[in-house]
Amino acid sequence: MEELTLRNGVKMPMEGFGVYQVPDYAVCKKAVLDALSVGYRLIDTAQAYGNQKAVGDAIRQSGLRRDEVFVTSKVWVQDNSYEKAGRAIDRILSELGLDVLDLVLLHQPMGDYIGAWRALEEAYRAGKVRAIGMANCYPHVLADICETVTERPMLNQVELHPFFQQPLNLKTMKEYGVIPQAWGPFAEGNHGIFTHPVLTEVGKRYGKTAAQVALRWNIDRGVSVIPKSIHRDRMIQNLDIWDFSLDADDMKKIAALDLGRSEIVDHFDPQFVRLLHSLHM
């Protein structure tokens, strides 16, 4: 497993395990235990996922040392202010049962996210979190944040897969020294990604599946990935991407799949923004 080094020197596994849409305590706890047992060392959760206790309990039950597992969580929109974000970080730590969080993100750049960012900076300086970052920032928003705050985001977790490649966002992150991380690296199963002819054909050359090619494609772009599965065999398969690399022709074929837009969420739709503001986690 390769690692990425965040701007402050903190090292993070390049591939992790996500627990989005696994709200059931027992299912989530088993999934995290399975993930840790097969080799994952980065677990990504959030206030909005409703499963932080299961994640924390699984980490403790795994028998691994705390410093062997990199834990990420996220502050939800309802807490995007200086006062609320500070309290939210304390609640996150309490739910996880941890003294220190490896990485905390603001889940959406909405509401008073600059005020909330100040609380993340304060928590970082106090040693409550080892690194701070954003999620779902498009290039113009990320640039505005980086030009405004004292401590720039160390990571930006956004939708990145062969059908939504976000080249300008990756370029902007590189300019500001922000590590890119992909949520939804399988496009949430859309576009027949697991049997897509281009990804399948590329995979045949390496003895890999279309899913493994999709993950490796992001890795070869310098993007961290956090695939999710509650099935142990698929967890193992998703980790089996470190013995090959795509060549320039492969990357060119996959680049042609980009639609240039998300078909999962539309952050530019006012109705969707209102929906996110209405959800209290």
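# Notebook: a lysine, a sheet and its cover

I began with Lys208, which sits in the loop between α7 (197–204) and α8 (210–220). The model is a predicted one, and I read it as such. Is Lys208 buried or exposed? I found a relative accessible area of 11%. The cut-off for buried is under 20%, so Lys208 counts as buried.

Next I looked up what surrounds the lysine. Leaving out residues up to four places away in sequence, Lys208 touches Gly203, Asp240, Asp243 and Phe244. Two of these entries have polar detail. The side chains of Lys208 and Asp243 are joined by a polar contact of 2.9 Å. A polar atom of the Lys208 side chain also lies 3.1 Å from the backbone oxygen of Asp240.

**Helix α8**

I moved on to α8. Ten of its eleven residues are buried, and I noted the helix as mostly covered. The buried set includes Gln212, Arg216 and Asn218, along with Val213, Leu215, Trp217 and Ile219. What covers them? I listed β9, α7, β10, α9 and α10 (248–255) among the covering elements. After α8 comes Gly222, with a positive phi near 85°.

**Helix α9**

Which residues of α9 (residues 232–239) are buried? I found Met235, Asn238 and Leu239. They span an arc of only 100° around the axis, so they lie on the same side of α9. I then checked what they pack against, and the partners are β3 (17–18), α1 (25–38) and α8.

**The sheet**

I traced the strands next. Eight of them form an open sheet in the order β3-β4-β5-β6-β7-β8-β9-β10, with parallel pairing. Which strands stand at the edges? They are β3 and β10 (224–225). Each has a single partner strand, so one side of each is left without a neighbour in the sheet.

I looked at two pairings within the sheet. Strand β4 (residues 42–44) and strand β5 (residues 70–75) pair in the parallel sense over three bridges. Ile43 stands opposite Val71 in β5. The bridge partner of Asp44 in β5 is Thr72. The other pairing I took was β6 with β7, parallel and also over three bridges. There, Leu106 stands opposite Met134 in β7.

How many residues of β5 are buried? I counted six of its six. Phe70, Thr72 and Lys74 are on one side, while Val71, Ser73 and Val75 are on the other. Both faces of β5 are therefore covered, since the residues on either side are all buried.

Helix α3 (residues 82–96) lies across β5 and β6 (103–106) and runs at about 140° to β5. Helix α6 (residues 167–176) packs on the sheet too, touching β8 (155–159) and β9 (179–183). The direction of α6 makes about 175° with that of β8.

**Strand β7 and Ala135**

I stopped at β7 (residues 132–135), which holds Ala135. Ile132 and Met134 point one way from the strand, Gly133 and Ala135 the other way, and all are buried.

Ala135 has 1% relative accessibility, so I logged it as buried. I looked up its contacts beyond four places in sequence. They are Leu105, Leu106, His107, Gln108, Pro109, Asn156 and Gln157. I also checked a C-alpha to C-alpha distance: Ala135 and Val104 are 9.8 Å apart in space and 31 residues apart in sequence.

**Nonpolar cores**

Last, I turned to the cores. In soluble globular proteins, nonpolar side chains tend to be buried together. How many residues does the largest nonpolar core have here? It has 88, and Phe17, Val32 and Leu101 have the most contacts inside it. The largest share, seven residues, comes from α8.

I followed up Phe17. Its contacts outside four places in sequence include Ala31, Val32 and Ala35. They also include Tyr40, Leu42, Ile43 and Asp44. Further along the chain, I noted Ile226, Pro227, Lys228, Ser229 and Met235. Met235 is one of the buried residues of α9.

Note on methods. Residues numbered from 1 in each chain as written. Predicted model: local features only at pLDDT ≥ 70, side-chain atom pairs only at ≥ 80, totals over all residues. Heavy atoms only, no water. Helix = DSSP H or I, 4+ residues; strand = E, 2+ residues; numbered from the N terminus. Buried < 20%, exposed > 50% of the residue type's maximum accessible area, 1.4 Å probe, protein only. Polar contact = N/O pair within 3.5 Å; in protein donor to acceptor, adjacent residues only side chain to side chain. Contact = heavy atoms within 4.5 Å. Arc of directions from axis to C-beta. Pairing = 2+ DSSP bridges. Axes fitted to C-alpha atoms, helices over the stretch in contact; angles between N-to-C directions. Core = buried A, V, L, I, M, F, W, Y, C linked by side-chain atoms within 4.5 Å.
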